[in-house]
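Me: I'm new to this one. Can you walk me through it?

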Amino acid sequence: MKTDFLTEYIRNPKTIGAVALSSKCLAKNMIKNIDFAHCSVIAEYGAGTGIFTAEVIRNRKKGTKFLVIEQDEYFYNILCKKFGKCRDVHIIHGDARNLEKYMRKYNISRIDYIISGLPFASLPSDISHRILAETRKIIAESRGKFITFQYTLFKVGLFKRFFDIVETDFTLRNIPSAFVLTMTSELR
């Protein structure tokens, strides 16, 4: 699968953004600030092969809905095979910019946590702004959190325009090492 992941990166470097699969350590850091006991809906942007998806499914309480959005068809098909039969998990072949549309489709009025594997450092600026603006609006309504990882802190200024960064973690055990940013819609 690593060869296939690398092939997808070579085909779509602006939307894939990684040359290797995320590690279990990074996945655990991505979900550590999710209060699974008290959340009812989680969304994931850019799920790839489902490393973070599997951790959310393993830890969520019964009845928690999970919207998993993946734009790349190859990865979408992998996600469907792995998680397509999981109860309350909706695998969506689509774009994070359309989260509100997917919420309406699945009769979801609020989202408690949004986790993201999107490569904001390589996404076009207009796309990043639209995704972050919509994300802020959605988590503000539920007083939720947005959690993403990045390989550098190059885009921290962009995130601060939309969110308050409440925690920054560093995961050394990932190739490459990565920062995990946990954010709220409360701007200071």
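This is a predicted model: local features need pLDDT of at least 70, side-chain atom pairs count only at pLDDT 80 or more; totals for chains, interfaces and linings use all residues.

Me: How many helices and strands in the protein chain?
Reply: Eight helices and seven strands. They are DSSP runs numbered from the N terminus: helices are H or I with at least four residues, strands are E with at least two.

Me: And how much of the protein chain counts as buried?
Reply: 50% of its 188 residues. Buried means under 20% relative accessible area, exposed over 50%, and partly exposed in between, with a 1.4 Å probe and protein chains only.

Me: Which residues touch the most other members of the largest nonpolar core?
Reply: Tyr45, Leu99, Ile111, Ile114 and Phe146, out of 30 residues. A nonpolar core is a set of buried Ala, Val, Leu, Ile, Met, Phe, Trp, Tyr and Cys residues joined through side-chain atoms within 4.5 Å.

Me: Which element gives this core its largest share?
Reply: H7, with five residues. Apart from this core lies another, of 24 residues, including Ala27 and Phe52.

Me: Back to Tyr45. What does it touch?
Reply: Leaving out residues up to four places away in sequence, Tyr45 touches Ile69, Leu99, Ile131 and Phe146, among others. Contact means heavy atoms within 4.5 Å.

Me: Which rings cluster with Tyr45?
Reply: Ring pairs link Tyr45 with Phe120, Phe146, Phe159, Phe162 and Phe163. Rings of Phe, Tyr and Trp (its six-membered ring) pair if their centres lie within 6.5 Å; planes under 30 degrees apart are stacked, over 60 edge-to-face, the rest tilted.

Me: How many aromatic pairs is that by this rule?
Reply: The count is nine. One of them, Phe170 with Phe179, is tilted, at 4.9 Å centre to centre and 55 degrees between the planes.

Me: New topic. Where is Glu134, and is it buried or exposed?
Reply: Glu134 is in helix H7, residues 125–142. Glu134 is buried yet has no salt bridge, meaning a side-chain nitrogen of Lys or Arg within 4 Å of a carboxyl oxygen of Asp or Glu. The nearest side chain of opposite charge, Arg130, is 5.1 Å away.

Me: What lies 2.8 Å from a polar atom of its side chain?
Reply: The backbone nitrogen of Glu100.

Methods. Residues are numbered from 1 along each chain as its sequence is written. Side-chain values use heavy atoms; hydrogens and water are left out. Lys and Arg count as positive and Asp and Glu as negative; His and the chain ends are not counted. A polar contact is a pair of N or O atoms within 3.5 Å; within protein, one must be able to donate a hydrogen and the other to accept it, and residues adjacent in sequence count only if both atoms are side-chain atoms.
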